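Colleague: Could you take me through the contacts in this model, and say for each term how it was decided?

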There are 2 protein chains.
Amino acid sequence: MRATTIHAPFDLRVEDVPDAVIKDFTDVVVRVLRACVCGSDLWAYRGESARQPGQRIGHEFLGIVEEAGADVTGFAPGDLVVAPFVWSDGTCDYCAEGLHTSCPRGGFWGSVGSDGGQGEAVRVPFADGTLVKLPADAASDDHLLTALLALSDVLGTGHHAALGAGVRKGSTVAVVGDGAVGLCGVLAAKRLGADRIIALGRHTARTDIARAFGATDVVAERGDAAEAAVRELTGGQGAHAVIEAVGTEQSMRTAVAITRDGGSIGYVGVPHGSGTGVDLSVMFDRNIALRGGVAPVRAYIPELLPDVLDGTIDPSPVFDLTVGLDGVPGGYRAMDERTALKVLVKP
Amino acid sequence: MRATTIHAPFDLRVEDVPDAVIKDFTDVVVRVLRACVCGSDLWAYRGESARQPGQRIGHEFLGIVEEAGADVTGFAPGDLVVAPFVWSDGTCDYCAEGLHTSCPRGGFWGSVGSDGGQGEAVRVPFADGTLVKLPADAASDDHLLTALLALSDVLGTGHHAALGAGVRKGSTVAVVGDGAVGLCGVLAAKRLGADRIIALGRHTARTDIARAFGATDVVAERGDAAEAAVRELTGGQGAHAVIEAVGTEQSMRTAVAITRDGGSIGYVGVPHGSGTGVDLSVMFDRNIALRGGVAPVRAYIPELLPDVLDGTIDPSPVFDLTVGLDGVPGGYRAMDERTALKVLVKP
């Protein structure tokens, strides 16, 4: 089969690799219908996260079950399924409580020895604990299929951020980051009943999506000016719920600065760089909480899926460029250069 | 009147100062019956927090209202009252939601221009928003008076930490710090229904109090060994709720290390030092939350008071040395040298 591999920074290739096959009785093989490129894939692409030459890449996909191991009870060939961005056994303490990302037997697609989502097929370990079935007729609905793909990561991650930020009915929310996760944070905050959603971003194409997703205000400023703008919009107090969807020192610093005393920062941007931006003395004086981390999206798919299926929420606008498998390297380039927001892959 | 003043690091004096008097219609003057020395006072004593020469000190006290301003409706001369460690107007948004420490008109006892608790009397601004009345007959109960004094800071601060750590019925809790706040964190965790409470501390006199307060296990190790010991006690997972009651980089690092994936650190140790101990990449991978800060103890007194009055909880063992006003400098010395846990002052 063909799949995307990474050999060095900025050196992605689409090449022949061994076919995905059942290795354990609990595996299935999924033929990929849709995959995509994540902002966090760019850390590997840019060499800021180390990869071994030839390692697979891509952790978001949905597709059709092609073959199921003998012990798989929940899936059969022909099923349409979506995969969260980590696999998990579905039976441990952490899986039972909805923290699938801490499953001791879990792992990330594209880690050494595993298939990645940006390929023709994927061997899925612990299929019963990992995958979620989708309605079969969605396979023929191109638009819906794209929306459903967001369940593999960005929608659930935005939801995790909104929960960490403590968004509830009537909340005032600020969202730092206008990438796909930040935009999905807007969508999730709106879904959870936020009254006011302030999106921080300077790219009109992106803030237009934010507005369509429910943002009531857009702040184009950065740093101190962003803080001043958010404070002006919130009677000087800041936002009670802040979503941090970037992961840099500066973005966290902004998140702390715009959080109202007693509020929470829901952070889902993968931390990068030496500084954290977490000014503990400011957070201490103002009782600002920090909650979040890698999102256990497997736990959220059952809750979010019905709303995507019936169109209550439609995250598909975050995909603004579509490529075939051979177009994946170009898709990365477009995202790296910020000419694309999020790239959809149709293998 | 006589009050404690700080002139330079390690230079505390008990000297004549202007009498506490009503300045605003919303003030009362409280004659101090009991005060005490806080671990956080030691930061000023050691010169790690700057003070102006002659500044007052002490932020925990209870006493008798001596005089009340014309606009004070809740208190009259003769009332026994306890003061939380900040004053607050009782009318702003933050006071209304129980975050009195963020009151824009609030302030700390001992800040420039205000009286401190370690003196004969204190002018209390915004008395109606600040003080809490105690039963008059408690004034003649020496033991109860000492227990009630803990409501001014350490008991409410321990409670804040326990709430931040997410302690609930059945929780496994670990407490970093065997000072008075850490011990009150044990007491608060027990009161909130924790099943298992692991106290980290190496001073037997203190860990004995921890056990009396409800600790089920004591870990005397520090650093990596402490982490290993807590993990061994918790099936390898760590504690779901961790109280951080020290405020150093090392203590926060330990707190992060012993928190179970998906758990929370309730932190109330005043952050000191350049490093934070907050390893964001570890916290991200394991979804560890950080919640806490300066405790709005005014909000907690009404909830905690009945339990202190009826003896359900008795924080008085944290006071292990009693001095008169002239003994305050010696009391600081004893706490600085760790020969005393917490010093009670009877002016």
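Modeller: Between domain 1 of chain A and domain 2 of chain A there are three salt bridges, a salt bridge being a side-chain nitrogen of Lys or Arg within 4 Å of a carboxyl oxygen of Asp or Glu. This is a predicted model, in which local features need pLDDT of at least 70 and side-chain atom pairs count only at pLDDT 80 or more, whereas totals for chains, interfaces and linings use all residues. Residues are numbered from 1 along each chain as its sequence is written, chains are lettered from A in the order in which they are written, and side-chain values use heavy atoms, with hydrogens and water left out.

Colleague: Why is the pair Glu303(A) and Arg191(A) called a salt bridge?

Modeller: The N to O distance between their side chains is 3.3 Å, and the limit is 4 Å between a nitrogen of Lys or Arg and a carboxyl oxygen of Asp or Glu, so the pair meets the rule.

Colleague: What makes domain 1 and domain 2 of chain A separate domains?

Modeller: The bounds come from an automatic or database domain assignment, which gives domain 1 as 2-153 + 296-346 and domain 2 as 158-292. Their centres, taken over C-alpha atoms, are 27 Å apart.

Colleague: How do you know how much area domain 1 and domain 2 of chain A bury between them?

Modeller: Buried area is the accessible area (1.4 Å probe) that two parts lose on being put together, summed over both, and for these two domains the value is about 1,600 Å², with 67% of it on carbon and sulfur atoms. Trp43(A), Arg338(A) and Leu341(A) supply 34% of what domain 1 of chain A buries against domain 2 of chain A, more than any other three residues.

Colleague: What makes Arg260(B) and Glu97(A) a salt bridge?

Modeller: Their closest N and O atoms are 2.7 Å apart, which is within the 4 Å limit, and therefore the pair qualifies. The count between chain B and chain A is two salt bridges.

Colleague: How many residues does each chain bring to the contact?

Modeller: With contact meaning heavy atoms within 4.5 Å, chain B and chain A each bring 33 residues.
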